[in-house]
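My notes follow in the order I looked things up.

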Amino acid sequence: MYRYVIKRLLFLIPTIFGVAFIIFLVMNITPGDPARALLGLSAPQADVDALNHELGYDLPFMQKYFNYLKNMIIHQDFGKSYYTKQSVFDEVWPRYIVTIKLALVGVLLSSLIGIPPGIYTAVKQYSLWDTIPSVIAFFIAAIPAFVFGLLMLFIFSLKLNWLPSFGATTIYHFIMPTLTIAIPPAAQVMRFTKSSMLEAIRQDYVRTARAKGASERTVIWKHALLNALLPVITQVGLSLGVLICGAVVAEKMFSIPGIGSLIVDRILFKDEPIILAGTILISICFTIVMLVVDMTYAFIDPRIRAKYTTGGKE
Amino acid sequence: MKRLLITLMVLLVALTACTAFAANEEKLLVLRTERSVPSLDWEQTTNTSNMKVWHQIFEGLYGMDEANNGYYNELAKEVKISEDQLTYTVTLIDGVTFQNGDPMKASDVVFSYNRARKNSRFNYLTSMIEDVKAADDKTVVFTLNKPYSPIAHTFFCVKIASEREVTEQGDRYGTIPHKAGTGAYYVTEFDVATGMKMDAYEGYWRGAPNIKKIQYVVIDDLSAAVIAFKNNELGYFEDIPLSEWDFIVESSGTNNALIKGNNILFMGINYLSPTNNNVLGNAKVREAMFYAINKNDINIAVSNGKGVEATQYMPSDIVATSPVSGFKTYGYNVERSKELLKEAGYPDGVDVGTILTYGATSGSKAIMAQVLQANLAEAGITAQVSVMEAAVVTPRLYAQDYDVCVFSDYGNYDFNNIRQQVHSESTGMYVVRYKDDSSPFNWQRIEELVDAGVNTADTAKRLEHYTELWGIVMDSATMLPCLHEPVGVAWAQALDVGKPVPTYYKVRTFKWK
């Protein structure tokens, strides 16, 4: 198991190199440059060239790439933002933490909202208890997150005056943004849980458990649910990754200083150091989330655990 | 008994006054900034949204009062111009101190201008300055390399910072709070992502401001800003979208104003466009297009009828040298338009290609493009509409890769700004290329007039030059000013903002009621 975890963690290194390479490449082939973005369209080309040189933007592509990796690995230096001249790490890290908090709470909420009705609708298939929640989930899954955000702003900020409409200073500031990002994936989690449960309920081992006289509760919770959870966990893990990147909607709407909105804002200025550091941190997080998902499989499913402990030998 | 009553009353009044004072002390005025402020060094961007914030912290030799005809002396007590208009001797006002307590000296002004001159962002403001020297503690001498009458804009834009504070903070200057300005507020907390908090500078040379604490919060989404204002989370809200105006009026009562802005929406025509056998090279077709435009329709569609139809390059009530008459204005006249088309050889109408613009598809430029399309169709002129990202469209406009376009120009406080649109040496906003081998226009005269306007400080002479210049531009039927979009401003019930202005408001002039 440890060997597997270490192997997966080592996989982070080529991931970082690859992400950095792709971002460098994309930034290099897209038109525009940071100096032009900073100085404006009317600035003389000589001034633009001088500033690009000062920023190190005019270096050859590969030289820029290797310099960046060298500084990051040897000096743990992500450079300085072209736009603010502040240390990239000092800018990115606090916003990264905000987004991680937002995404984690969002995933927790979406699981809490989505999994129980998913189980219930599977157990009560073809009844009204299945039809109504399924139709509601269908509609919710089709509505974009920003519509929920606006609705909540309208109701809880504007009409009821209960919650602040922007910022990220108190726990109250996070209520609407987390719900905004949690509800659409909750509907997906519910539909996923339902289909997974339906598949599990029809398996032979469930029929055997029933034949052996196990109570319905034991059959559902112990035999069906544990098996049905594996694909749901994958879905939840993936949605965490998606939320880290996709929280930008809530970040923009509620003026939350997160990593997504930072990257989007800085793309306008071709603020390469910020975009690179932000994307690398997101990819690291995504890789770790996927590792945790895999480890959770082992925790839930003894067959997978046995594979890890025997090194995959039967 | 009487004495006791009086004593009680006095105590009551004192207590009320103290409470009111304490309340004012604690009250926080929250304002929105639509873009994060990258630095506390004013030199780091020229973005208007950021400049509004810096205007609370820093001051220039000149100030800007859009409610009362533009520039006024701020840190400059007196400005003397030499006969050859190459030397400006500026005497500084007395009693000004930086927020760190240091008195402002001429050396600080020299230091600030020399910093700005090294910053390529400000070349357009400082390239005419040959030298800046301190004659004594209170006098600064500017030597120019050529006469430059629009220097007032430079005196307004370049802000004065404390040499000691900037030098002491070194590389960290701009990234951490400082007390380097002479303005009424200094920053106590700063975060690029979320905004900043400011305290009143009690030693401010005009007297301590009434509002003691302010906070700028970054809210880039307009809908979110509207809700925040309605939810009483914002105390002052400017640049309000007109689509939300009625909603804002409902919640702010009488505390709102629609002010004529100095931003103008233009229609531009590329007379060099090869579309339809260079149909736009035909002066009569261009004139027909101008006469077909109903600016009232544009006003209604773009600004709910609350804008002001434009005929000038910039409003003369803000810019003294802006011509008010003596040029063609092309009033709406469909019949005249059809006649001109017939004379041009297109009695059955003509296709002029695409009306290109940028920004949001629901934005004012896109809406105006659709109105233009409908107006032109009435006269028998057909055109497509294309709306794309600014980053894609603006280079195309400057490269004359379009047929008809909608663009805007704003932030102009001196008529010399027209240079960017009509002079061949302009690197930006040269949307209509007047100077060309096949140009039918007297571009040499246009450029002469731009230079002549710069070379004299005499307002009457400048007005004369600019009237002739604007007359040539309007005769060319290539650039039609259509609408001054109004700027919506609203403020909290507890706040008194005096006479609202469209751009450079000063919180120091605000008061709690």
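**Chain A, overall.** I started with contacts along the sequence. In chain A, 73% of the contacts with a separation of 6 or more are between residues 24 or more positions apart. I'm keeping in mind that this is a predicted model. I counted secondary structure next, and chain A has 15 helices and zero strands. Its C-alpha trace spans about 85 × 60 × 30 Å along the principal axes. Of the 314 residues in chain A, 40% are buried.

**Confidence check.** I looked up the scores before going further. The predictor gives the complex an ipTM of 0.73 and a pTM of 0.80. For chain B the mean pLDDT is 89, with 95% of its residues at 70 or more. I flagged residues 11–25 of chain B, where pLDDT stays under 50. For that stretch the model has four contacts beyond four places in sequence.

**Domains of chain A.** Chain A splits into domain 1 (2–74) and domain 2 (88–309). I got 32 Å between the centres of the two domains, taken over C-alpha atoms. Their contact takes 17 residues from domain 1 and 14 residues from domain 2. On the domain 1 side, helix 1 (2–10), helix 2 (12–29) and helix 3 (34–39) each supply at least two residues. Helix 2 of chain A gives the largest share of that side, seven residues. I sorted the domain 1 side by class and found 13 nonpolar, two polar and two charged residues.

**Helix 9 of chain A.** I followed helix 9, residues 171–201, from end to end. There is a kink of about 30 degrees at A:Ile183, shortly before the proline A:Pro184. Buried or exposed, for the most part? I found 24 of the 31 residues of helix 9 of chain A buried, so the rest of the structure largely encloses this helix.

**Where A meets B.** I then turned to the contact between chains. It involves 31 residues of chain B and 32 residues of chain A. On the chain B side, the elements giving two or more residues are helix 4 (123–126), strand 10 (213–218), helix 7 (222–230) and helix 14 (390–398). By class, I have twelve nonpolar, 14 polar and five charged residues on the chain B side.

**Cores.** Which residues touch the most other members of the largest nonpolar core? They are B:Met368 and B:Cys482, in a core of 216 residues. I was back at helix 9 of chain A here, as that helix gives this core its largest share, 14 residues. Not counting residues up to four places away in sequence, B:Met368 touches B:Leu265, B:Ile298, B:Val302, B:Val406 and B:Cys482. I noted another core of nine residues lying apart from the largest one, and its members include A:Ala35, A:Leu39, A:Leu55 and A:Tyr83.

**One residue up close.** I picked B:Ala490, which sits in strand 17 (residues 479–491) of chain B. B:Ser252 is 238 residues away from B:Ala490 along the chain, yet their C-alpha atoms are separated by 6.6 Å.

Definitions and conventions
Residues are numbered from 1 along each chain as its sequence is written. Chains are lettered from A and ligands numbered from 1 in the order in which they are written. This is a predicted model: local features need pLDDT of at least 70, side-chain atom pairs count only at pLDDT 80 or more; totals for chains, interfaces and linings use all residues. Domain bounds come from an automatic or database domain assignment. Two residues are in contact if their C-beta atoms, placed from the backbone, lie within 7 Å. Helices (H or I, at least four residues) and strands (E, at least two) are DSSP runs, numbered from the N terminus. Ala, Val, Leu, Ile, Met, Phe, Trp, Tyr, Cys and Pro count as nonpolar, Asp, Glu, Lys and Arg as charged, and the others, Gly among them, as polar. The bend at a residue is the angle between axes fitted to the seven residues ending there and the seven starting there. A residue is buried if 20 or more other C-beta atoms lie within 10 Å of its own, exposed if 12 or fewer, and partly exposed in between; C-beta atoms are placed from the backbone. pLDDT is the predictor's confidence in each residue, from 0 to 100. A nonpolar core is a set of buried Ala, Val, Leu, Ile, Met, Phe, Trp, Tyr and Cys residues joined through C-beta atoms within 7 Å.
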